[in-house]
Amino acid sequence: MAIKLDMSKAYDKVEWEFLRTVLFKMNFPLVWIDLVMDCISSTSLSFVLNGRNVGNVMPYRGLRQWCPLSPYLFLFCTEAFSCLLSDSEKNVRGLGFKCCRGAPIVSHMFFADDSFLFCKASKKSSLCIKKILDIYERGSGQQINLHKSSINFNPNVDNINRSGI
């Protein structure tokens with residue numbers, strides 16, 4: 001089966017502490033990590049009502065979409081998701097697929113905020129993916145947009161397995 005996932009407001013929900021941890025795990029120098037964190041956390045939002053400033057808010061998460069650094073920082077977060085999937089691929093049989101004998105196993109592909117996951121159409125594989133998604137959502141702040149996500153099955157998968165998955 002192939003699962004297309006869409007992240008809901010992907011840039012807006014990135015947890016800053018998650019990003020800091022990912023950068024640290026990727027062995028970036030602490031000075032560089034602190035500079036990046038200063039760049040993304042030095043913002044405030046003002047609310048204007050009838051021409052008057054009525055308050056300020058200091059955000060605690062999210063990446064600014066107009067910032068040239070944001071797409072790269074989002075890729076680092078996505079790399080953490082990729083590592084979770086790759087680690088599970090090694091331990092759980094049925095994650096990923098081979099297009100032919102001798103080809104490498106492909107378990108996932110990413111395009112901006114869309115993800116494609118591939119696995120055997122089984123309850124075990126789907127539960128493993130659900131567990132990975134739960135871990136990633138809790139850590140990163142990302143959420144799957146279920147209305148824009150979908151599952152596609154091989155035509156040979158019967159309706160009982162489809163509804164179970």
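Author: One cut-off to start: a residue counts as exposed when its relative accessible area is over 50%. K131 has 57% relative accessibility, so K131 counts as exposed. Keep in mind that this is a predicted model.

Reader: Where does K131 lie?

Author: K131 lies in helix α4. Its C-alpha atom and that of L95 are separated by 13 Å.

Reader: OK, helices. How do α1 and α3 pack?

Author: Helix α1 covers residues 16–25, and helix α3 covers residues 70–91. They pack at an angle of about 75 degrees. Their axes are 10 Å apart. That angle makes α1 roughly perpendicular to α3, because angles of 65 to 115 degrees count that way.

Reader: Which residues make the contact?

Author: From α1, the contact uses F18, L19, V22 and L23. From α3, it uses L73, F76, C77 and A80.

Reader: How many of them are nonpolar, polar or charged?

Author: The contact of α1 with α3 has 8 nonpolar residues. It has no polar and no charged residues.

Reader: What is L19 in contact with, leaving aside neighbours within four places in sequence?

Author: L19 is in contact with V14, M37, I40, L63, L73, F76 and C77. That list leaves aside neighbours within four places in sequence.

Reader: And the largest nonpolar core? How many residues has it?

Author: The largest nonpolar core has 34 residues. L19 is among those with the most contacts inside it.

Reader: What about F74, buried or exposed?

Author: F74 also has its place in helix α3. F74 is buried, with a relative accessible area of 4%. In sequence, F74 and V48 are 26 residues apart. In space, they are 30 Å apart, C-alpha to C-alpha.

Reader: Switching to aromatics. How many aromatic pairs does the structure hold?

Author: The structure holds 7 aromatic pairs. One of them is F18 with Y136, an edge-to-face pair. The centres are 6.0 Å apart, with 80 degrees between the planes.

Reader: Where do those two sit?

Author: F18 is in helix α1 and Y136 is in helix α4. They are 118 residues apart, so the pair links distant parts of the chain. Both F18 and Y136 are buried.

Reader: Why is the pair of F28 and W32 stacked?

Author: The ring centres of F28 and W32 are 4.7 Å apart, and their planes are at 20 degrees. Planes under 30 degrees apart count as stacked, so the pair is stacked. F28 counts as partly exposed, at 25% relative accessibility. W32 is partly exposed too, with a relative accessible area of 32%.

Reader: Which residues form one aromatic cluster?

Author: F18, F81, F110 and Y136 form one.

Reader: Now loops. What is phi of N27?

Author: Phi of N27 is near 65 degrees, a positive value in a residue other than glycine. Most residues other than glycine have a negative phi. N27 is found in the loop between α1 and α2. N27 is exposed, with a relative accessible area of 68%.

Reader: And N50, what is its phi?

Author: Phi of N50 is near 55 degrees, again a positive value in a residue other than glycine. N50 is found in the loop between β2 (45–49) and β3 (52–57). N50 is exposed, with a relative accessible area of 76%.

Reader: Last one. T43: buried or exposed?

Author: T43 counts as buried, at 15% relative accessibility. T43 is found in the loop between α2 and β2. T43 and R64 are 21 residues apart in sequence. Their C-alpha to C-alpha separation in space is 9.2 Å.

Methods: Residues are numbered from 1 along each chain as its sequence is written. This is a predicted model: local features need pLDDT of at least 70, side-chain atom pairs count only at pLDDT 80 or more; totals for chains, interfaces and linings use all residues. Side-chain values use heavy atoms; hydrogens and water are left out. Axes are lines fitted to C-alpha atoms, for helices over the stretch in contact, and angles run from 0 to 180 degrees between N-to-C directions. Helices (H or I, at least four residues) and strands (E, at least two) are DSSP runs, numbered from the N terminus. Angles under 35 degrees count as roughly parallel, over 145 as roughly antiparallel, 65 to 115 as roughly perpendicular and the rest as oblique. Contact means heavy atoms within 4.5 Å. Ala, Val, Leu, Ile, Met, Phe, Trp, Tyr, Cys and Pro count as nonpolar, Asp, Glu, Lys and Arg as charged, and the others, Gly among them, as polar. A nonpolar core is a set of buried Ala, Val, Leu, Ile, Met, Phe, Trp, Tyr and Cys residues joined through side-chain atoms within 4.5 Å. Buried means under 20% relative accessible area, exposed over 50%, partly exposed in between (1.4 Å probe, protein chains only). Rings of Phe, Tyr and Trp (its six-membered ring) pair if their centres lie within 6.5 Å; planes under 30 degrees apart count as stacked, over 60 as edge-to-face and the rest as tilted.
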